[in-house]
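I opened this notebook to keep track of what I looked up, one entry at a time, for someone who has not seen the structure before.

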Amino acid sequence: MEKTKQIKDLSIGFIKDNSNKPKDYYVDEHIFIAKSAREFGFKHLRLQQPYRVAEGRILLVTSGTARIAINLEEFTLEKQSVLVLVQDGIFEILEISDDFDTQAFTFMNLPIFTSLDHQFVTTLSDDEWSLANEYFNLLWHEVNRQPILVEAIVHIQTAILLELKRITANHDNIQNKSDIRPEAHLHHFLELVNQYGLKERKIEFYADKMCVTPNHLGAIIKQASGLTIMQWLNRHAVQKAKVLLHYSDNPVWQIAEQMNFANPSFFSQFFKRETGLTPNEYRQLK
């Protein structure tokens, strides 16, 4: 069995290993929280590189702009945006301004009623932003009181997540009053691609899952995103390949097998066509 590398990016363990003299962030085995993620987080991340999110986390954008992809869906972040990432999601920074910064914290092992099954991004009103900052400052003060009370941390995180769920539900109710059916179909389609994309590459499969005809689904996805269904399936395959190449020492032939390619040559040709690099050339960029 091939030895795999420990995942280093976007985990509490990686942050602890690379911390030196934290000023605007705190980290232990229970939580990472940053008043300014620029000091640590973003300087360790590479553009166009997918990362697996080891713990759930919330980012409150305080300045600048960024364009990101989470499980293939693209989002634009700006001041007063809030981003919620769920555990095991695939996160990628596509573009980022020089002044981009966020407040951020991780969460895990929270009560079941706070559970989130997908990521989301929304922009807060001034009142919602003020409330979110009050919660964040309370969490910040609590983690800096030693010895740390884990139960108190969990309760504050739970309150923040419940409040964000209420805010996003209100935003969704407002949006649902307008015609957003193409975007809703796109979101559903991408959820299916993230679940089945490595095994199912036929349009008919996704059309059947969504109870529409293949032609209708193709037209909806093209309208909502500007991309074809096959382009989305290829994006998903490239993203998964990058993660496997980045986080493991498995040989290319084994990764090709994991991704259900007929042989390593087909996989290498596909990866080179989509990225401009061979799998080994991409791996050397780590």
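This is a predicted model: local features need pLDDT of at least 70, side-chain atom pairs count only at pLDDT 80 or more; totals for chains, interfaces and linings use all residues.

**Entry 1: Glu-163 and its surroundings**

I began with Glu-163 and found that, leaving aside residues up to four places away in sequence, it touches Leu-131 and Tyr-135. I placed Glu-163 in helix 3, which covers residues 150–175. Is Glu-163 buried or exposed? Its relative accessibility is 14%, so I noted Glu-163 as buried, since the cut-off for buried is under 20%.

**Entry 2: Confidence and overall make-up**

The average pLDDT of the protein chain is 83, and 84% of the residues score at least 70. I marked residues 1–8 for caution, as pLDDT stays under 50 there, although the model has 14 contacts for this stretch beyond four places in sequence.

I then listed 10 helices and 10 strands in the protein chain. Of its 286 residues, 46% are buried, and the accessible surface comes to about 15100 Å², with 51% of that belonging to carbon and sulfur atoms. I also looked up the contacts between residues at least 6 apart in sequence, and 71% of these join residues at least 24 apart.

In strand 9, which runs over residues 101–107, I looked up Thr-102. Thr-102 has a relative accessibility of 0% and therefore counts as buried. The C-alpha atom of Thr-102 is separated by 9.4 Å from that of Gln-80, a residue 22 places away along the chain.

How many aromatic pairs does a search of the whole structure find? The search gives eight. I took up the pair of Phe-105 and Phe-136, whose ring centres are 6.4 Å apart and whose planes meet at 40°, so I recorded the pair as tilted. This pair links distant parts of the chain, with Phe-105 in strand 9 and Phe-136 in helix 2 (residues 126–143), 31 residues apart. Phe-105 counts as buried because its relative accessibility is 3%, and Phe-136 counts as buried because its value is 1%.

**Entry 3: Other aromatic residues**

I next looked up Phe-189 and Tyr-206, an edge-to-face aromatic pair with 5.6 Å from centre to centre and 75° between the planes. Phe-189 belongs to helix 4 (residues 181–196) and Tyr-206 to helix 5 (residues 203–209), and the pair links distant parts of the chain, 17 residues apart. Phe-189 has a relative accessible area of 0% and so is buried; Tyr-206, at 0% relative accessibility, is therefore buried as well.

I also wrote down one aromatic cluster, formed by Phe-261, Phe-267, Phe-270, Phe-271 and Tyr-282. As for Trp-232, I found Arg-235 lying over the face of this residue, at 5.1 Å from the ring centre.

**Entry 4: A loop between two strands**

Where is Asp-28 found? I located Asp-28 in the loop between strand 1 (25–27) and strand 2 (32–34). With a relative accessible area of 8%, Asp-28 falls under the 20% cut-off and is therefore buried.

Key:
Residues are numbered from 1 along each chain as its sequence is written. Side-chain values use heavy atoms; hydrogens and water are left out. Helices (H or I, at least four residues) and strands (E, at least two) are DSSP runs, numbered from the N terminus. Buried means under 20% relative accessible area, exposed over 50%, partly exposed in between (1.4 Å probe, protein chains only). Contact means heavy atoms within 4.5 Å. Accessible areas come from the Shrake-Rupley method with a 1.4 Å probe; for residues, only the protein chains shown count as cover. Rings of Phe, Tyr and Trp (its six-membered ring) pair if their centres lie within 6.5 Å; planes under 30 degrees apart count as stacked, over 60 as edge-to-face and the rest as tilted. A charge sits over a ring if NZ of Lys or CZ of Arg is within 6 Å of the ring centre and within 35 degrees of the ring normal. pLDDT is the predictor's confidence in each residue, from 0 to 100.
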